[in-house]
Amino acid sequence: MTGKSTLAALCLLAGTTHATDPAALQARNLAANCTPCHSADAPEPNAIPRIAGLPADRILQRLRAFRSGEAPATVMHQIVRGYGDEQLALIATLLASSP
Amino acid sequence: MNRRRFLRSLGLAATAAPFLAACSSAPRRGAPRVVVVGGGYGGATTAKYLRMWSAGRIDVTLVERDARFVSCPMSNLVLAGLRNLDDLTASYDRLRSRWGVRVVSDEVVRIDVARRELRLARDGEIGFDRVVLAPGVDFLTEQITGLAGNFECIPHAWKAGPQTELLRRRIDAMPEGGVFALHVPKSPYRCPPGPYERACLVAHYLRTRKPRAKLLLLDANSEIQSKKTLFAAAFAGPYKDIIEYRPDSTLLSVDAQTLSAELEFDRVRADVLNVIPPMRAGRLVDGLGIPLTNGRWVDVDWRTMEARDLPGIHVIGDAVLAAPGMPKSGHIANQQAKLAAAAIVELLEGRSPDPVPTLLNTCYSFVDDRNAIHVATVHRYDAAQGTVLPVAGAGGLSSAASEEEGRYATAWAQNIRADMLA
């Protein structure tokens with residue numbers, strides 16, 4: 001666990017056993033913003049890193065580092081600023097659970 | 001137990017894994033039927049995601065005229081001899097075999113909104129519970145005198161395919177010291193940065209192959225419509241002896257014999273004349289019997305992508321009246337497709353769609369054979385205004401063209417294709 005918002009997201013998700021839960025659906029829809037570039041079906045090798053299946057806290061840490069400017073980026077720093085902490089946590093959790 | 005396994009145990013992975021068994025099998029009898037018309041970036045993505053997110057519970061038919069998908073993004077590279085059209089062409093086979101989409105090679109000739117039925121040119125009628133129209137754009141050729149019927153002599157190459165090959169041959173055959181004239185229509189049009197990327201890539205070709213040739217960029221708009229500072233830097237820098245940018249150049253008429261163009265305040269003659277015509281929503285939407293905004297675009301409910309006041313009739317992609325700051329791009333079509341698919345799955349289950357949908361746009365343009373630039377924006381539904389607005393503080397442009405972004409641009413094209421068709 002890396003932060004309160006991850007915990008909060010997990011608590012939200014923990015109440016669900018089906019993808020009809022609003023938080024799970026929100027996570028799925030938000031993560032679908034990422035997949036045009038970071039598709040789980042993308043061919044390897046690939047200049048754009050594959051995210052699906054990485055540990056959630058690692059994904060979240062990276063997203064936050066883009067937002068703070070700590071991690072160098074061409075475009076990710078501009079993109080992550082469009083999402084709040086809770087949303088980034090949902091995205092990280094969902095992508096981590098993707099096959 | 002790690003978090004991933006924890007989530008799996010909760011069934012969160014239900015969004016991804018368990019449907020795989022169900023989705024390639026035939027849908028049950030009585031399953032809701034959704035027909036998607038148009039297999040471009042928007043339509044193909046909708047078909048796949050409807051099957052994925054409904055875990056195969058929705059019967060999905062994709063009606064597409066052409067046997068294979070051809071990408072408009074990256075097609076400017078073909079003009080510069082840096083890609084082949086084959087590189088941009090893909091099959092719909094995986095939509096069939098992996099996702100269980102019924103892909104029909106046919107054309108819709110009529111939409112009966114009241115009876116929830118489409119008539120196909122070859123294969124009779126097809127009923128639906130909901131329909132997703134992704135017809136792209138059609139040209140308003142008649143707005144430029146002399147253009148109608150002359151796309152062989154004056155290619156548009158604004159729909160990838162034979163027109164792309166044709167324009168490439170024209171460029172190859174251009175005489176030394178010749179003039180390539182490119183006309184940009186007034187906004188809105190498909191792919192705002194596309195004409196300026198084309199200017200750069202053709203100029204790149206000219207400087208390597210026909211160094212004395214010139215490129216006239218005749219823009220009906222009063223300024224560069226996307227990535228302005230970055231394209232302006234390319235026009236003023238590496239291409240300063242090749243590209244001449246002329247804003248406020250509204251095209252009135254063309255002569256296909258002499259390849260001359262009459263503009264509002266000027267007249268030019270070219271060796272290759274490339275006119276991107278003014279455009280509107282694909283004419284398929286005329287069958288809906290609704291007024292189009294400015295006579296051109298379909299206004300939609302951004303929570304579902306349904307045409308305004310037409311429940312069950314979704315319209316996505318370039319045909320849509322864009323929300324503020326939203327481009328007509330393949331990437332946005334992908335995002336609208338997922339918004340529509342998510343809403344349809346919820347609505348067919350009797351639930352409410354996502355109240356705050358978010359869309360992301362990242363659009364790369366090449367400025368030469370290696371270096372690319374991007375624009376990115378994030379867009380979110382604003383209930384108070386009833387539309388989707390750019391998220392303040394997010395998005396932006398490249399600081400400068402780079403080879404690193406050139407590699408990302410190439411990967412983007414591969415990856416978004418996988419997101420849609422794999």
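Trainee: At what angle do helix H3 and helix H9 of chain B pack, and how far apart are their axes?

Mentor: Two packed helices are described by the angle between their axes and the distance between the axes. Axes are lines fitted to C-alpha atoms, for helices over the stretch in contact, and angles run from 0 to 180 degrees between N-to-C directions. Here H3 (residues 41-53) and H9 (residues 330-348) of chain B pack at about 35°, with axes 8 Å apart. Helices (H or I, at least four residues) and strands (E, at least two) are DSSP runs, numbered from the N terminus.

Trainee: What should I know about the model and its numbering?

Mentor: This is a predicted model: local features need pLDDT of at least 70, side-chain atom pairs count only at pLDDT 80 or more, and totals for chains, interfaces and linings use all residues. Residues are numbered from 1 along each chain as its sequence is written, chains are lettered from A and ligands numbered from 1 in the order in which they are written, and side-chain values use heavy atoms, without hydrogens and water.

Trainee: Is the crossing of H3(B) and H9(B) left-handed or right-handed?

Mentor: A crossing is left-handed if the near helix is turned anticlockwise from the far one by less than a right angle, and right-handed if clockwise. The H3(B) and H9(B) crossing is right-handed. Contact means heavy atoms within 4.5 Å. Among the residues making this contact are Tyr49(B) and Trp53(B) of H3(B), and Ala341(B) and Val345(B) of H9(B).

Trainee: In what order do the four strands of the open sheet lie?

Mentor: Strands of a sheet pair through backbone hydrogen bonds, either parallel or antiparallel. Two strands pair if DSSP finds at least two bridges between them. In chain B the order is E13-E12-E11-E17, with parallel pairing. Strands E13 (243-246) and E17 (272-275) of chain B stand at the edges with a single partner strand each, so one side of each has no neighbour in the sheet. The twist averages 15° from one strand to the next.

Trainee: How many bridges join E11 to E12 of chain B?

Mentor: Six bridges join them. Leu182(B) stands opposite Leu217(B) in E12(B).

Trainee: Is Glu223(B) buried, partly exposed or exposed?

Mentor: Buried means under 20% relative accessible area, exposed over 50%, partly exposed in between (1.4 Å probe, protein chains only). Glu223(B) has 38% relative accessibility, so it counts as partly exposed. Glu223(B) sits in the loop between E12 and H8 of chain B. Leaving aside neighbours within four places in sequence, Glu223(B) is in contact with Tyr196(B), Lys228(B), Tyr245(B) and Pro247(B).
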